[in-house]
Amino acid sequence: MRQHLRHHIIRFGLALLATIALPFSASQATSNTYDLDYYLPEGVQLDPSIPTPEEVLHYQVGEWHVRHDQIVRYMEVLSEHSDRIQFEIMGYSHERRPLILVKVTSADNKDRVEEMREQHVAITDPSADVDANEAPLVIYLGYSVHGDESSGANASLLTAYYLAAAQGPEIDEWLDNTVILIEPALNPDGLGRFAQWANQFKSQNLVSDRQNIELQQMWLRGRQNHYWFDLNRDWLLLQHPESRARIAAYQRWKPNVLTDHHEMGTDSTYFFQPGIPSRKNPLTPDENVELTEMIAEYHADILDEAHSLYYTEESFDDFYYGKGSSYPDVQGTIAILFEQGSSRGHLQESINGEISFPFTIRNQFLTSLSTIRGSVENRGRLNDFMQRFYRDGQDMARSAGFDGYMLRGDAGDPARMQELLSILNQHGIEVYAVDEDFSAHGNDYVAGRDFYVPARQRQFRLLEGAFSTRQDFPDNTFYDVSAWTLPKAFNIEFEQVSHNRRFRIADNQFDGQSDWQSNPLGETNVGYAFSWEHYFAPRLLNQLLQDGIHARLAHNDMTIATPDGEQNMPAGTVLVTRAYQTHDWSYVQAQLAKYSQASEIAIHTIARGLTPSTGMDVGSRSIDPARKPEVLLVVGDGVPVQEAGEAWYYLDRHVNLPVTKVETQRLERIDLNRYTHIIMVNGRYNFTDNLTTQLQSWVRNGGTLIGQKGGARWMSDNSLLGANFVEQSEFNEQFNAQGLSYADRNDYFAQQRVAGAIFATELDLSHPLAVGYTNARLPVFKDSTMAMIADSAPFIDVARYIDEPVLAGFVSQQNRDVIKNRASIVAHRVGRGRVVGFADNVNFRGYFWGTSKLMANAIFWSQYAQGTSAEDAEENVDEAEHSH
């Protein structure tokens, strides 16, 4: 591959010296004059009846940053004017922008698109006897999953126009037995945010100065979606509607080739895959890389002709299967990442000269054409590879040494299992329910709770990628994370098993439907109770509080009398009593029934206020009224956008809790006293002395401050959190650089990182912050070396990393030795307030449901954390004596 591309670069240099006519105009367009000819290949006849982008947008492509609604309208117009184009709405983004898919094929095929899809997908069925050479080819062109990398979305206009309007033998060959799918904007909300930013600061005379506000987005950039997530990490996790719609389309079509168009730093040229050879996931066949190299020759040809520089193999990896350039690789698709040096606005200076927006668009458009050309000319090989990929997967499954995975759920919380199964179902992974209790391999499996995932299925490789617990890798440098094990993220126990006659598994594939049976509320003079074990219990409590319904919290276990007999309730029970209600009881009952039914939470009717056995009665003074929380989330400068978005997303979508978001630069000017809880996620908090004093006083007067990673470290450094963070020097001392050569540099620093791994913690189930958890072993996601030392005072550590802490992913032995047995969660009193510190991000990428409820626990249950730091211990003793 390297020799081939070196040949192209030499040829490029010769072309610069030659005085021959080129099929493209000059490589840069830095003026305000734009022409469609700048983008399109010369000599191609165009159908004049097909509207150009300029005729619909009223400006030339690249003159302004296109808005998403304009893209949608142009694709609709094309579908109205061209019998090659079909327009489909796949779904809607968070902000209700349509997620569109444009299907392109020849006019003769327009009525057989579904038939072509079925013929193509048949080659992915290992049991199907079909001729891959006769199957239609499917190409998926995806643009701008990062909204501020908008050259791709703008290039989609040109790609769609060219495919609709171009005439001649080549376009006829392209569309004859091919369906080209175009997703013009994978992140409509982020694209809309960025287009508004860039356009509102555009001058008539373009300004390339990097300090120009047009080129300097504020804290919230266009990269993320509405909830500030990076959608290019959500292909596997499926926490957002944009991803769910796209994966539904992907699974329906199973394209041979998929493109993923991005941008990178302005001083770079243009990158296309293959990426760094050693950083490929082992489950991806080597032939995938060979085919990527084959198509790369076409990219090199077309970019050489345009005098555009490029490179391959030096950047980016294909290890994490949750990205657009890797998720398809584990399913027989050749996924290709493109990275264009960004103009970010309309014109930007760089070490290579000024980079114009039209120049970046043209490169993305040209490699869209080269992708189609290379794919069509190698149709047979691509179809043959896809067919063999799935047949080989069956052979891998047969020789895997196990028959499948058993998933063991939690009877008190079916929601986490339901979400995991929903994700697997959307990826086409087959799951079967346990339909009769049985025991095998030392475990008991329960009907209606547990599930079986067979290895011998079409998606074996994707299943292995999603469930991987690998810890050793040939290359320990990771562009993204090294572990993402789905069951561990949902705190679902699972194991590889060999099927035997004792197994009691349903014959039919699980359809994903919940078997929830509503439980009508009985008549009562006392009230109702529900457990905190269910994932959505915080949502139910919050909904009641938001409606002004009185609820009470029992942080110890208790037994209640119900019409059906005694019911043992675990620590963390919520009581909705007839006493103290300000609403009519019928209204309370109706809201409780509605909300519990929506979240599928069991409600127990309380028959008597007097408990039938030893323990708290319903009116116990140990059971306190729940307070409606008023939560402030610190955002803005110094705070990572995505981690703040993850906290917001969890509280907004999973707890239905209104969250006030305040920037760091405004925090000092607002009245903190209206808030009961303040959340500081990871970040660099350079607060003034005055603001620090305000926060300390606010906590001592009854507020609850919740810190995560850098937020918790700030609390520790400012005498609020009674735990110290392990100093970086303790990690550094573990690594000896003596005798290393310069070539060892990357590996030396890779050993010192925690590049996204899953750790095991031991949760103190007796602690109030652990209510709702039934298993003390809790997987957490860890992407830093942060860990706490909480040995100066008792009763303040909620969870610690275990002695052998790594469950999945790469972590050097040196880092393991420092982190093991250190505290990961700390909570205690400070004056009348509470502080909670997390060493890790409990809401990582929105899919770590196993730990995300800890954030809700910190909000609703932290008032019961009575431990104190060493500094406050004496004060606590005095208060305890006076309380008697």
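Student: In β6, which residue is the bridge partner of L141?

Tutor: This is a predicted model. Strand β4 covers residues 137-143 and strand β6 covers residues 178-183, and the two pair in the parallel sense. Within β6, the bridge partner of L141 is I182.

Student: Over how many bridges do β4 and β6 pair?

Tutor: Strands of a sheet pair through backbone hydrogen bonds, either parallel or antiparallel. For β4 and β6 the sense is parallel, and the number of bridges is six.

Student: Which strands stand at the edges of the sheet?

Tutor: The sheet is open, with seven strands in the order β2-β3-β6-β4-β7-β9-β8 and mixed pairing. An edge strand here has a single partner, so one side of it is left without a neighbour in the sheet. From one strand to the next, the twist averages 20 degrees. The edge strands are β2 (85-92) and β8 (270-272).

Student: What is the radius of gyration, and how does that value compare with the globule rule?

Tutor: The protein contains 24 helices and 35 strands. For 884 residues the globule rule gives 29 Å, and the protein's value is close to that, so it is as compact as a globular protein of that length. The C-alpha atoms fill a box of roughly 95 × 65 × 65 Å along the principal axes. The radius of gyration is 29 Å.

Student: What percentage of the 884 residues is buried?

Tutor: A residue counts as buried under 20% relative accessible area. The accessible surface of the protein is about 33900 Å², with 44% of it belonging to carbon and sulfur atoms. Of the 884 residues, the buried share is 62%.

How values were computed
Residues numbered from 1 in each chain as written. Predicted model: local features only at pLDDT ≥ 70, side-chain atom pairs only at ≥ 80, totals over all residues. Heavy atoms only, no water. Pairing = 2+ DSSP bridges. Helix = DSSP H or I, 4+ residues; strand = E, 2+ residues; numbered from the N terminus. Axes fitted to C-alpha atoms, helices over the stretch in contact; angles between N-to-C directions. Rg over C-alpha atoms; globule rule 2.2 N^0.38 Å. Buried < 20%, exposed > 50% of the residue type's maximum accessible area, 1.4 Å probe, protein only. Areas by Shrake-Rupley, 256 points an atom, 1.4 Å probe, with all protein chains shown as cover.
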